[in-house]
Amino acid sequence: MKILDRYILKSFLVPFTATFLIVLFVLVMQALWQAFENIAGKGISIIFILKFLYYTTLMIIPQALPIGVLLSSIMALGNLGENYEFAAAKSAGISLQRLVRPIAILAIALSGLNFLFLNNIFPYATLNQKNLYLNIKKKKPAMALVPGSFNADIPGYQIKFDEKYGEDENLLKKVLIYDLKGNRGNQKVITAKSGKIVSKEGSRYMTFILYDGNYYEEHVKSARTTLKRKKMAASSATFKEYEFNIDIGDALDNGKLDSINNTGSPMMFTLKEIKDTIPKLKSSYDEDLQLKAKNIFISTQAKELYKYPDSLKNNTLDSIPLNNFELQEKITILNAAITKTSRVVSSLKNSKASIKWHRKVLNFYDTEYYNRMAFSLSCIILFFIGAPLGSIIRKGGFGMPMILAIAVYVIYFFTNTFGKNLAEESSISAFLGSWISAILMIPVAILLTRRATKDKGIFNIDSFLQPISNLLKKYYKKRDNL
């Protein structure tokens with residue numbers, strides 16, 4: 001390796017190491033802070049927190065690498081310009097392309113490393129972190145319950161409460177519990193003004209102690225009519241204090257925090273696994289659509305609509321079908337049509353949410369597949385933005401480079417997230433949603449590289465002002481001649 005290449009690489013690697021570690025630390029602390037409320041003060045061991053940090057770090061490395069490349073490339077090239085080393089290199093006949101060649105090769109290598117992380121390490125870390133978090137919730141069941149909505153994490157129960165408070169966050173306000181263990185619907189309902197959860201780590205039972213509430217239970221399995229339902233045997237009572245146990249033994253998974261129970265997210269899969277899963281999801285989605293369409297076709301009796309041959313047509317009949325019937329018959333026909341149409345519309349409304357969710361899941365897998373490949377190129381794209389920016393501004397250090405790096409990455413990350421969200425909602429294709437940030441930023445990188453190669457600024461104000469100045473000169477010259 002030539003001395004010049006070693007010097008350029010050293011100028012890049014020193015700020016890259018520092019910026020990468022700083023960005024990684026900030027992002028890991030941000031993730032820890034977001035989870036801090038759920039794990040702090042819950043009696044969780046330091047081993048769990050260290051494992052959580054380890055998996056979080058592995059997940060964030062692919063995101064920190066492009067930021068480190070962008071910031072360090074601006075700083076490295078800015079330092080060379082600020083110290084007039086660019087001017088010395090150009091006077092010696094060394095072009096900008098030759099100067100940045102070793103860093104460009106390194107950026108390509110880092111992009112390949114980023115792809116390996118995204119395809120192998122990231123799914124592994126996501127899978128283990130998610131399951132570690134879920135298993136600690138199972139060992140501490142009160143952590144899994146969220147105020148303000150129904151909680152179905154505990155099998156056989158739907159639990160809702162307005163507020164969770166106290167030192168251990170095990171005290172509840174306005175509790176509503178549906179007991180669904182018998183698979184008979186909500187035939188057993190418990191309400192209370194307040195309550196608390198008592199459970200020991202590793203125990204298969206969680207104890208609910210409720211205060212000032214009501215208990216209602218229906219004792220007949222089913223009733224088809226409203227009249228029979230009103231006559232069903234039932235029991236109800238009010239209580240000052242009511243205590244009962246919920247068996248959560250099956251959810252504990254023998255108390256192992258590292259056990260793997262959840263593998264239902266594309267972020268936990270490699271590209272090959274995602275590619276193998278997408279056809280299955282697509283087939284299931286198509287079958288669901290065909291089934292819904294078939295049901296509508298049958299319910300509307302569309303099969304009975306067929307075209308009569310001309311020879312069988314009755315020319316005495318009115319071309320408008322309803323005009324061939326008496327008033328009472330018209331009313332009957334219209335009422336039947338309204339009933340069938342309402343039934344179809346109701347079926348469509350009920351199916352809309354299900355179909356939309358299935359489509360969103362399929363879009364999520366498609367988007368994750370393309371986004372892995374698109375985001376792995378971010379190191380190269382951001383390098384070819386950062387390097388020319390550094391050579392143009394000619395400023396080193398953490399001041400101006402940091403501001404530019406943050407601005408560029410925010411635009412890149414925002415467009416990437418915006419594109420993914422649009423793709424998941426079927427507004428655009430998964431391919432376009434994943435690559436939209438690259439499509440927008442690559443022309444910017446080419447433009448900046450060309451301007452830096454020609455030793456021009458980011459914007460050439462003279463190119464805008466010169467035509468206006470020439471026009472004014474011609475105008476005043478003509479006026480003077482008159």
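Reader: In which helix is Ser434 found?

Author: This is a predicted model, and in it Ser434 belongs to helix H12, which spans residues 430–453.

Reader: Is Ser434 buried or exposed?

Author: The general idea is to compare the relative accessible area with a cut-off, where buried means under 20%. Ser434 has a relative accessible area of 0%, and therefore Ser434 is buried. For the setting, buried residues make up 36% of the 482 residues in the protein chain.

Reader: Which residues is Ser434 in contact with, leaving aside its neighbours within four places in sequence?

Author: With those neighbours set aside, Ser434 is in contact with Thr367, Tyr370, Asn371, Ala374 and Asn416.

Reader: Turning to the helix pair, at roughly what angle do the axes of H8 and H9 cross?

Author: The axes of helix H8 (residues 271–299) and helix H9 (residues 327–376) come within 10 Å and cross at roughly 170°. Angles over 145 degrees count as roughly antiparallel, so H8 is roughly antiparallel to H9. The crossing in which H8 passes H9 is left-handed.

Reader: How do the residues of the contact of H8 with H9 divide?

Author: The contact of H8 with H9 comprises 15 nonpolar, five polar and nine charged residues.

Reader: And what does the secondary structure of the protein chain come to?

Author: The protein chain has 13 helices and five strands; among its contacts with a separation of 6 or more, 70% are between residues 24 or more positions apart.

Conventions
Residues are numbered from 1 along each chain as its sequence is written. This is a predicted model: local features need pLDDT of at least 70, side-chain atom pairs count only at pLDDT 80 or more; totals for chains, interfaces and linings use all residues. Side-chain values use heavy atoms; hydrogens and water are left out. Axes are lines fitted to C-alpha atoms, for helices over the stretch in contact, and angles run from 0 to 180 degrees between N-to-C directions. Helices (H or I, at least four residues) and strands (E, at least two) are DSSP runs, numbered from the N terminus. Angles under 35 degrees count as roughly parallel, over 145 as roughly antiparallel, 65 to 115 as roughly perpendicular and the rest as oblique. A crossing is left-handed if the near helix is turned anticlockwise from the far one by less than a right angle, and right-handed if clockwise. Ala, Val, Leu, Ile, Met, Phe, Trp, Tyr, Cys and Pro count as nonpolar, Asp, Glu, Lys and Arg as charged, and the others, Gly among them, as polar. Buried means under 20% relative accessible area, exposed over 50%, partly exposed in between (1.4 Å probe, protein chains only). Contact means heavy atoms within 4.5 Å.
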